[in-house]
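The plan is to look things up bit by bit and jot down what turns up.

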Amino acid sequence: MNDLNKALEDISSIRRHVADSTEFRGYGPATLASTGVLAVAAAGAQVLWLPDPANHIAGYLSIWIWTAAVSAALIGTQMYARTRRIHYGMADEMIRMAVEQFLPSVGAGALITVVLVRSVPGARWMLPGLWQIIFSLGVFSSCRFLPRPVAAVGAWYLVTGIICIALAGNRALSPWAMGVPYGVGQLVAGILLFTAKGSNDEN
């Protein structure tokens, strides 16, 4: 039994090593692009329903947190199905690796949101910029197993996040301070993945 357990551990270690050196093709280009459209739609909804977000921060958070949740659900659902199809031999390892790359950014973004909203209300305007900077770190972290051009998407979010913070004050809560960065960023990410090698696996 000891030899069997050791053999199974060795196989598991080899699978993790192979997964770590394999380009991840689980993100669907069309799905990523659709989340960009969703971000623009959310910005439009904010224009119509929330003209004064600084004084209605709960409504502002609801719009963008729900948008992020729906986007994550769409990406996650297709990632699971696509990874099962393309990386069928290493699907579990590839999915785990993809989640591990982005999970710290998601956690950091959630914690910063809670702290600023509850404890530093005067700094709430910084949320859009901080969200984008944190998201950029998640993209950069994932770049090691994605096509190299995707790093440009991480740079985009980093720059737009800095610009949002530079706006200062309530201007940073403009609907387009979120709609444009995520709309363009996710669309470009989808295009880059679509044109990358192996993109013809997309249905």
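**Entry 1: the whole thing**

First a reminder to myself: this is a predicted model. I looked up the elements and got 7 helices and 0 strands. Reading along the sequence, I wrote the pattern down as α-α-α-α-α-α-α. The protein has 203 residues, and 42% of them count as buried. I also checked the contacts with a separation of 6 or more, and 78% of them are between residues 24 or more positions apart.

**Entry 2: a nonpolar patch**

Which residues make the nonpolar surface patch? My list reads Val40, Val47, Trp156, Trp176, Val180, Val184 and Val188, and together they cover about 530 Å². Two elements give two or more residues each, namely α2 (29-49) and α7 (176-195). The largest share comes from α7, with 4 residues.

I picked two members to look at. Trp156 sits in helix α6, which runs over residues 151-167. Its relative accessibility is 32%, so I filed Trp156 as partly exposed. Val40 belongs to helix α2. With 39% relative accessibility, Val40 also goes down as partly exposed.

**Entry 3: who does Val40 meet?**

Leaving out residues up to four places away in sequence, I found Val40 touching Trp176, Gly179 and Gly183. I then took the C-alpha distance from Val40 to Tyr182: they are 7.8 Å apart in space, though 142 residues apart in sequence.

**Entry 4: helix α7**

An α-helix has 3.6 residues a turn, so residues three or four places apart point the same way. From first C-alpha to last, the 20 residues of α7 reach 27 Å, close to the 28 Å expected at 1.5 Å a residue.

Next I asked which residues of α7 are buried. Among them I noted Ala177, Gly179, Pro181, Tyr182, Gly183, Gln186 and Leu193. What do the buried residues of α7 pack against? I got α2, α3 (57-86), α5 (127-142) and α6.

**Entry 5: rings**

A search of the whole structure turned up 7 aromatic pairs. I looked at the pair of Phe135 and Tyr182: the ring centres are 5.5 Å apart and the planes are at 70°, so I call this pair edge-to-face. It links distant parts of the chain, as Phe135 is in helix α5 and Tyr182 is in helix α7, 47 residues apart. Phe135 is partly exposed, with a relative accessible area of 23%. Tyr182 comes out at 13% relative accessibility, and that is why I count it as buried: the cut-off is under 20%.

Tyr182 has another ring partner, Tyr157. Here the centres are 5.0 Å apart and the planes are at 40°, so the pair is tilted. This pair links distant parts of the chain too, with Tyr157 in helix α6 and Tyr182 in helix α7, 25 residues apart.

Note on methods:
Residues are numbered from 1 along each chain as its sequence is written. This is a predicted model: local features need pLDDT of at least 70, side-chain atom pairs count only at pLDDT 80 or more; totals for chains, interfaces and linings use all residues. Side-chain values use heavy atoms; hydrogens and water are left out. Patches are made of residues with over 30% relative accessible area and no salt bridge: like charges are joined within 9 Å, nonpolar side chains (Val, Leu, Ile, Met, Phe, Trp, Tyr) within 5 Å. Accessible areas come from the Shrake-Rupley method with a 1.4 Å probe; for residues, only the protein chains shown count as cover. A salt bridge is a side-chain nitrogen of Lys or Arg within 4 Å of a carboxyl oxygen of Asp or Glu. Buried means under 20% relative accessible area, exposed over 50%, partly exposed in between (1.4 Å probe, protein chains only). The expected span of a helix is 1.5 Å times one less than its number of residues. Contact means heavy atoms within 4.5 Å. Rings of Phe, Tyr and Trp (its six-membered ring) pair if their centres lie within 6.5 Å; planes under 30 degrees apart count as stacked, over 60 as edge-to-face and the rest as tilted.
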